Amino acid sequence: MKLTLLHVEGLNKAFGPHYALYEVGLDIVPGEVHALIGENGAGKSTFIKILTGVYTPDAGQIIWNGKEEHITSPGDARKLGINVVHQDRNLVPSFTGVENLYLGLPYPRNRYKLGIGWKQMQERAQELMTELGLQLDLNKPAARMSPPEKTLLEIMRAMMLECRLLILDEPTASLTDQETESLFTLIRKLAQRGTAILYVSHRMDEITRISDRVTVLRNGQFVATTATGQTNRELLIRQMSSAPSEGPGLGERQSSRALSSGKNLLEVESLASADGKVKEVSLKVREGEVVGIFGLAGAGRTELLETIYGLRKQSAGKISLHGQEIRTDSPRQSLDQGIVLIPEERKRDGLVMNLPIRENMTLSILDRLSSGWRMRAGAERQEVDGWMTAMKVKASGMEQPVRELSGGNQQKVVFAKALLTKPALFLCDEPTQAVDVMTREEIHRLLIEQAREGRGVLFVSSDLQEVLELSDRLYVLHEGRIAGELDNAGLTPEQILAICYNPYKGSEQHG
Ligand SMILES: Nc1ncnc2c1ncn2[C@@H]1O[C@H](COP(=O)(O)OP(=O)(O)OP(=O)(O)O)[C@@H](O)[C@H]1O
């Protein structure tokens with residue numbers, strides 16, 4: 001048995017009267033990939049924040065390399081060799097890759113000891129890339145890097161100093177399968193070199209593939225640490241769940257397919273965005289249909305939704321809803337016409353952090369609720385309560401400010417808020433990013449239900465599994481254009497990826 005690198009015992013952290021962590025213990029050994037999982041609000045981020053010196057625990061011990069440590073600041077954590085890579089990346093957009101690597105580190109001096117040793121910086125960066133087997137253009141600014149490039153750059157930055165524990169918080173959130181593979185190769189390499197990895201994710205298939213051991217938290221408490229080979233998805237889900245789940249098996253397609261005779265709800269013809277990210281896109285969504293958009297990072301997926309919604313300037317094309325041409329020059333205009341966009345988790349657009357859950361959920365429907373304040377208050381509370389229960393929002397009540405919720409629970413509020421507007425068309429960007437596996441199923445069920453009631457859903461996901469589970473039909477996007485349209489009947493991941501990597505070839509060609 002390897003010597004323990006990190007031993008945590010009896011960790012407590014409370015916010016007001018509520019414990020985010022209660023008596024949590026955990027061991028991590030060098031060179032292992034240790035997954036940390038749990039429902040939204042289970043305490044994972046709080047645990048990470050304690051290890052990285054953002055929060056101080058109320059009680060408990062942290063033994064690092066056999067010695068008790070009090071980590072009181074992020075600087076303390078870094079000195080010990082604990083680094084974290086978050087989804088909200090910490091890069092300076094206008095700095096190059098190399099400059100970002102040296103953020104917070106002393107720049108080397110040149111040989112005259114006067115200026116900065118740019119050459120030494122380049123050489124050290126190159127050395128590290130070779131060591132880690134990476135190929136990145138470190139001379140371009142971070143702003144021009146793709147999401148996976150940014151993740152790799154952040155990991156490199158962590159490795160600039162001796163990193164003994166690397167914490168990866170949902171590292172694959174916006175990566176596609178292929179990009180996830182390269183990340184996994186890097187993780188394995190780091191582990192072989194002796195770095196321990198704490199891997200936090202809601203993607204169960206990744207956890208079973210990449211981790212050696214997995215620890216489950218539930219309601220702020222430790223449930224179990226198990227060797228990954230000795231457990232499975234169902235067991236882990238049972239350990240995570242506060243309530244046993246019912247209904248269809250997780251991960252199965254949950255509903256009958258849409259009737260193909262549905263009338264056209266949304267028609268987009270030759271749509272282009274002024275910034276050139278979207279080029280002549282034509283697509284449609286029928287009433288009752290859930291339509292997916294898949295593409296590699298940089299294909300213009302988010303940009304396409306934003307252009308339809310009016311968040312991004314349109315330069316050409318036509319949009320029709322229910323057969324009528326409409327203008328969507330702004331999100332307000334889209335909302336008024338029955339189109340709502342649910343943004344991906346990292347943006348959390350549209351949440352006012354200091355306002356309570358109730359007000360956030362009802363911000364866009366005040367008109368509808370406003371006939372007489374008495375009725376309004378009652379109706380509002382009832383609707384909010386209904387959606388909070390349906391979405392299993394973990395909070396002390398509907399008056400809790402949104403800023404105090406965990407990331408996944410904030411995303412659920414964004415979702416409920418959109419449902420409350422009762423739109424004709426949902427545009428969803430990564431609808432289940434950051435939510436736990438149980439809520440993911442619930443969101444899928446809700447979206448399919450909304451569609452089958454005659455509305456429509458157009459969603460973007462980098463998770464191929466999700467695209468296969470949720471969509472009736474899907475479009476593959478490549479460099480801002482539709483490269484293929486597929487009916488999701490017996491479709492395999494390989495068929496979709498073939499179009500991504502080899503667009504405009506083969507029989508499925510569109511347009
Ligand atoms: N600053 C805060 N004030 C009040 N409560 C908080 C605060 N930060 C976290 N909490 C609460 O602590 C609990 C644990 O939250 P945490 O963010 O650690 O969960 P998580 O497991 O990371 O969830 P997710 O998967 O959604 O990211 C939640 O109930 C959350 O509402």
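1. A residue is near a molecule if its C-beta atom, placed from the backbone, lies within 6 Å of it. The model is predicted: local features need pLDDT of at least 70 and side-chain atom pairs count only at pLDDT 80 or more, while totals for chains, interfaces and linings use all residues. Residues are numbered from 1 along each chain as its sequence is written.

2. The ligand has 17 residues around it, of which Phe15, Ala20, Ser45, Ser406 and Gly408 come nearest. Helix H1 (44-51) and helix H14 (407-420) are the elements that give two or more residues to this shell; helices are DSSP runs (H or I, at least four residues), numbered from the N terminus.

3. Domain 1 (6-240) and domain 2 (288-316 + 326-501) each supply at least three residues to the shell around the ligand. These bounds come from an automatic or database domain assignment.

4. Thr180 lies in helix H6 (residues 177-192). Thr180 is buried because 21 other C-beta atoms lie within 10 Å (buried: 20 or more such atoms within 10 Å, with C-beta atoms placed from the backbone). The C-alpha atoms of Thr180 and Pro148 are 8.2 Å apart, although 32 residues separate the two along the chain.

5. The axes of helix H5 (residues 147-160) and H6 come within 10 Å and cross at roughly 10 degrees; axes are lines fitted to C-alpha atoms over the stretch in contact, and angles run from 0 to 180 degrees between N-to-C directions. H5 is therefore roughly parallel to H6 (angles under 35 degrees).

Key
Buried ≥ 20, exposed ≤ 12 C-beta atoms within 10 Å, placed from the backbone. Parallel < 35°, antiparallel > 145°, perpendicular 65-115°, else oblique.
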